[in-house]
Amino acid sequence: LKRLALIDAAIPGITPGDVYALTPERVKMTWHFYFNALADLPAALIAGRERFYLDWLFRARTTRKDAIDAAALDEYVRIYSVPGAMDAGFGYYRAIFDTAAQNRASAAAGKMTMPVLAIGGADWLGPAMERMIEPVASNLRVEAIPECGHFVPEEAPRETVEELTAFFEDGGDGRR
């Protein structure tokens with residue numbers, strides 16, 4: 001890799017444990033890691049209710065509530081209603097324990113030296129991105145998008161494209 005951009009993402013095994021904590025103040029952000037990691041149950045409960053689940057998820061995790069309009073929601077529902085699609089998405093969470101172990105082993109080899117851009121929604125993971133990524137990246141730039149929740153590209157498409165374009169066109173340090 002020459003450069004790496006992360007968008008509002010915690011890195012399993014690297015991110016401090018309190019980011020995943022199931023506490024009253026963080027439950028809105030962390031519950032799904034536990035629920036989605038269960039085999040079979042999430043897909044069975046959500047089957048036929050994809051619209052309700054996805055609409056709730058988007059509304060709960062966005063600051064800009066109009067970011068995911070009816071047409072976009074329809075497309076998400078169409079895709080995730082295909083048999084096996086939702087369960088395939090949950091596979092990420094079922095694999096998270098293996099992923100965490102792999103990431104810890106990689107981190108033990110030393111920090112990444114390539115430029116890393118961490119973009120986060122200021123109302124979601126943005127404030128924690130530096131603390132989460134700094135332990136594994138020696139050349140890190142963090143941008144928190146104001147008035148933005150978890151779905152950064154959907155909530156702030158212009159800002160996201162500007163940040164990514166500058167980062168990938170300029171050599172990685174954010175300056176042209």
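Strand 1 (residues 4–7) runs parallel to strand 2, and four bridges join them. Strands here are DSSP E runs of at least two residues, helices are H or I runs of at least four, and both are numbered from the N terminus. Two strands count as paired if DSSP finds at least two bridges between them. One of the links has Leu6 facing its bridge partner Ala118 in strand 2. On to the other pairing: strand 2 and strand 3 (residues 140–145) are also parallel, with six bridges. Ala118 turns up again there, with Val142 in strand 3 as its bridge partner.

A quick note on ground rules: this is a predicted model, where local features need pLDDT of at least 70 and side-chain atom pairs count only at pLDDT 80 or more, while totals for chains, interfaces and linings use all residues. Residues are numbered from 1 along each chain as its sequence is written, and side-chain values use heavy atoms, leaving out hydrogens and water.

| Strand pair | Sense | Bridges |
|---|---|---|
| Strand 1 and strand 2 | parallel | four bridges |
| Strand 2 and strand 3 | parallel | six bridges |

So how covered is strand 2 (residues 116–121)? Six of its six residues are buried, meaning under 20% relative accessible area with a 1.4 Å probe, protein chains only (over 50% is exposed, in between is partly exposed). In a regular strand, side chains alternate between the two faces of the sheet. Here Val116, Ala118 and Gly120 point one way, Leu117, Ile119 and Gly121 the other, and all are buried.

Now for a helix residue. Thr30 sits in helix 1 (residues 27–36), and it counts as buried because its relative accessibility is 1%. Leaving aside residues up to four places away in sequence, Thr30 touches Val19, Tyr20, Ala21 and Leu22, where a contact means heavy atoms within 4.5 Å.

Stepping back, the protein chain has nine helices and three strands, in the order β-α-α-α-α-α-α-β-α-β-α-α from the N terminus. Of its 176 residues, 38% are buried. Among contacts with a separation of 6 or more, 71% are between residues 24 or more positions apart.

As for overall dimensions, the C-alpha atoms fill a box of roughly 45 × 35 × 30 Å along the principal axes.
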